[in-house]
Amino acid sequence: MARAVTPQRKALNTAIAWGIGLLIFFPILWTILTSFKTEAQAISDPPVFLFFDWTLENYSVVQERSDYMRFLWNSVIIAGGSTILGIIIAIPAAWSMAFVPSKRTKDILLWMLSTKMLPAVGVLYPIYLIFIRMGILDTRLGLVVVLMLINLPIIVWMLYTYFREIPGEILEAARMDGASLKEEILYVLTPMAMPGIASTLLLNIILAWNEAFWTLNLTAAKAAPLTAFIASYSSPEGLFYAKLSAASTMAIAPILILGWFSQKQLVSGLTFGAVK
Amino acid sequence: MGQIKLESVTKSFGPVEVIPPLDLTIEDGEFTVFVGPSGCGKSTLLRLIAGLEDITSGKISIDGQDATHVPPAKRGLAMVFQSYALYPHMSVRKNIAFPMKMAGVPVDEQNRRIESAAAALNLTDYLDRRPGQLSGGQRQRVAIGRAIVREPGAFLFDEPLSNLDAALRVGMRLEISELHKRLKTTMIYVTHDQVEAMTMADKIVVLQAGVIEQVGSPLELYRAPRNVFVAGFIGSPKMNLLTGPEAAKHNAHTIGTRPEHIAISQTEGTWSGTIGVSEHLGSDTFFHVKCDAFEDPLTVRAGGEVALKYGDKVFLTPDLTQLHRFDAQGLRIA
């Protein structure tokens, strides 16, 4: 028998869900609110919530002091580039793991994931040196490569999960129909896995967009993305909370909007295969 | 175009040998059915011919050419899968066009072949639909259409009708048989359903545990099964197989008699028994008769109007001219 849901219970559940949602969203909301305050109001005690003199001053100062568009463009290239490069590499890898698994496939998958367990700072020194030697420090290319490598295990894992849901017989049919391996992946597998590929793409753009460790350590000025843009407003000499908040709001706005419009795709992609 | 020859072909999955050395020739234009119980290796054998599985040793030749290491796409064979394996993201038209697109057939020619295949398979009105919007029978037709347009050397069918309901199955069976008569292309058809095998095949290959038990025309197999397994497998309802003193009377370890070769009477006969379950098909009635002399009930065919009911005493008389005799190894005694 289905569980009976009383209206009271439903209302309570809704209230709890909203409560948790607001709790999670609160830091972002606070940041956005602070970005409209003056520096004095931003650090006032007790803090003011909504009743302050709304001002756009912080935004104009931030815009004057640094070139937002340059950072934004770097972020777009680094997040987009690393994700697309990662997908191109991961599709054949996930194909072979999903459709021609060997005894070691599971081990390889786990090993790939285990690279995510190492704290990033553990390999900072060697990677920094490699970057210097190769002359790719503070270049967008360098960051595309390093972020692609960081997220590759996740991309492969996600695609592997989606591919496993595709019946092998359809790929065999393509093979019988005369498709080469490349054509099989291009015309049959990829279009069929498109929902999965799209959500992998979205999630990885978000992860790469928000990645702060490598982007801060491996850039200085030329290739610095929005994470560096935020960081440049948190200085030890004196904290300008309102300006820092304005910079943060500007940095997260594009990805928030992207996430908002693609949330349906993201959720359906992430729960894909969970229920059958 | 389409003689397929297997010479000492074997297949092992790890340490498990699923096909011991096997030789088989399928002649050009023949409709050959591989039949056997589940797990007998019939689908594996088909996949070996298709090239979807590599053989462990031996040789496969198609039209005299060694195809052992030729990839599936280059063998000139088309396959219809049990699950239809249509491309869900493509329209029916694109599904059917796919093998031609891969082969680089000019678009005009592609369209001509699509139209003619669609007309032959009653798919003309559905060309712009997606497979998800079609019924099971229509999907199967699309899969067949996709196979036809390639003009392959041979068609391979892997239990193509087992996902259809009974009525559709009979209809599709006729369509496939008719297709074969029209195209005269070699067809290899895998099924576990001996009725399909009997009704469609020119040649039946009965398999058990990867071993060919017998090869022959449906009636050859029916009339002269080479061993007890084939005797029991071919024919519906099954042949009655008897061992013990009754078999010894005929100098055999096992004797077999088909349901239609036993006369049923209420007054006299060789074996006495009582009627158990009876199956009325209208044209025929199958009685399951529990005889005093045997442990298992015998199946007997009688006319559709025979009025016997549960518990009636009857006598059975086998037609001795139609008796099958087998030795202790299960092999037929001539």
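Among contacts in chain A between residues at least 6 apart in sequence, 80% join residues at least 24 apart. The model is predicted. Chain A holds 14 helices and two strands. Its C-alpha atoms fill a box of roughly 70 × 65 × 30 Å along the principal axes. Of the 276 residues in chain A, 33% are buried.

**Where the chains meet**

**Nonpolar cores**

The largest nonpolar core has 136 residues. The members that touch the most other members are A:A94, A:L159, B:M79, B:L156 and B:I188. Helix α7 (residues 140-164) of chain A supplies the largest share of this core, 14 residues. Chain B takes part through two domains: domain 1 (4-226) and domain 2 (237-326) each give at least three residues. As a general rule, nonpolar side chains tend to be buried together in soluble globular proteins.

B:M79 has partners in both chains. Leaving aside neighbours within four places in sequence, B:M79 is in contact with A:A173 and A:M176 from chain A. From chain B, the contacts of B:M79 are B:A50, B:A147, B:L156 and B:D158. A second, separate core has nine residues. B:L298, B:V300, B:V314 and B:L316 are included in this second core.

**A three-stranded sheet in chain B**

Chain B has an open sheet of three strands. The order is β11-β12-β18, and the pairing is antiparallel. Strands β11 (240-243) and β18 (324-326) are the edges, each pairing on one side only. From one strand to the next, the twist averages 25°. How many bridges join β12 to β18(B)? There are three, between β12 (residues 254-257) of chain B and β18(B), and these strands run antiparallel. B:I255 has B:R325 as its bridge partner in β18(B).

**Backbone points in chain B**

The loop between α8 (228-233) and β11 of chain B holds B:P237. The peptide bond from B:S236 to B:P237 is cis, with omega near -5°.

Two residues other than glycine have a positive phi, B:D63 and B:A85 among them. The table pairs each torsion value with its residue or bond.

| Residue or bond | Torsion |
|---|---|
| B:S236 to B:P237 | omega near -5° |
| B:D63 | phi near 55° |
| B:A85 | phi near 50° |

B:D63 lies in the loop between β4 (57-62) and β5 (65-66) of chain B. B:A85 lies in the loop between β6 (77-80) and α2 (92-103) of chain B. Why does B:A85 count as buried? B:A85 counts as buried because it has 25 C-beta neighbours inside 10 Å, and the cut-off for a buried residue is 20 or more. B:D63 is partly exposed, with 15 other C-beta atoms within 10 Å.

Key: Residues are numbered from 1 along each chain as its sequence is written. Chains are lettered from A and ligands numbered from 1 in the order in which they are written. Two strands pair if DSSP finds at least two bridges between them. Helices (H or I, at least four residues) and strands (E, at least two) are DSSP runs, numbered from the N terminus. Axes are lines fitted to C-alpha atoms, for helices over the stretch in contact, and angles run from 0 to 180 degrees between N-to-C directions. A residue is buried if 20 or more other C-beta atoms lie within 10 Å of its own, exposed if 12 or fewer, and partly exposed in between; C-beta atoms are placed from the backbone. Two residues are in contact if their C-beta atoms, placed from the backbone, lie within 7 Å. A nonpolar core is a set of buried Ala, Val, Leu, Ile, Met, Phe, Trp, Tyr and Cys residues joined through C-beta atoms within 7 Å. Domain bounds come from an automatic or database domain assignment.
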